[in-house]
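I opened my notebook to record what I looked up in this structure.

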Amino acid sequence: SGLLKISSSSEKKVKTTVLTAALLLSGIPAEVISRSMDTYSKMGDVFTDLCVYFFTFIFCHELTLVFGSEVP
């Protein structure tokens, strides 16, 4: 599980770096970005969870439709 923690934290750093670069490019001051980063990371975790739940729901729904239509 130690390796898993390392990989997930490095992935978060990459996402954060990309996000920071995108925000800087869009003309937002660096101090505003750094102040907002904590909020973004908390919101990001919630957003990721929501995406996973949403994807799982749609996936299961599609599966039921596929298997439901095959049964006469």
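I call a residue buried when its relative accessible area is under 20%, and exposed when that area is over 50%. The model I am reading is predicted.

**Entry: the whole chain.** I asked how much of the protein chain is buried. Buried residues come to 4% of its 72 residues. The chain exposes about 6,400 Å², and carbon and sulfur atoms supply 73% of that. For secondary structure I noted two helices and zero strands.

**Entry: helix H2.** H2 covers residues 30-70, which is 41 residues. From its first C-alpha to its last I read 55 Å, close to the 60 Å expected at 1.5 Å a residue. Where does H2 bend? The bend is at Met37, by about 45°.

**Entry: aromatic rings.** I searched the whole structure for aromatic pairs and found one. Phe55 and Phe59 form this pair, and the pair is stacked. Their ring centres are 5.9 Å apart, with 20° between the planes. The angle counts as stacked because it is under 30 degrees. How far apart are the two residues along helix H2? They are four residues apart, so about one helical turn separates them.

**Entry: the surface patch.** Which residues make the nonpolar surface patch? I listed Phe55, Phe59, Leu63, Val66 and Phe67, with an area of about 510 Å². I checked three of these for exposure. Phe55 has 57% relative accessibility, so Phe55 counts as exposed. Phe59 is partly exposed, at 46%. Val66 lies in helix H2. Val66 counts as partly exposed because its relative accessibility is 40%.

Note on methods. Residues numbered from 1 in each chain as written. Predicted model: local features only at pLDDT ≥ 70, side-chain atom pairs only at ≥ 80, totals over all residues. Heavy atoms only, no water. Expected span 1.5 Å × (residues − 1). Bend = angle between axes of the 7 residues up to and from the residue. Patch = residues over 30% accessible without salt bridge, like charges linked within 9 Å, V, L, I, M, F, W, Y side chains within 5 Å. Areas by Shrake-Rupley, 256 points an atom, 1.4 Å probe, with all protein chains shown as cover. Salt bridge = Lys/Arg side-chain N within 4 Å of Asp/Glu carboxyl O. Buried < 20%, exposed > 50% of the residue type's maximum accessible area, 1.4 Å probe, protein only. Phe/Tyr/Trp six-rings, centres within 6.5 Å; stacked < 30°, edge-to-face > 60°.
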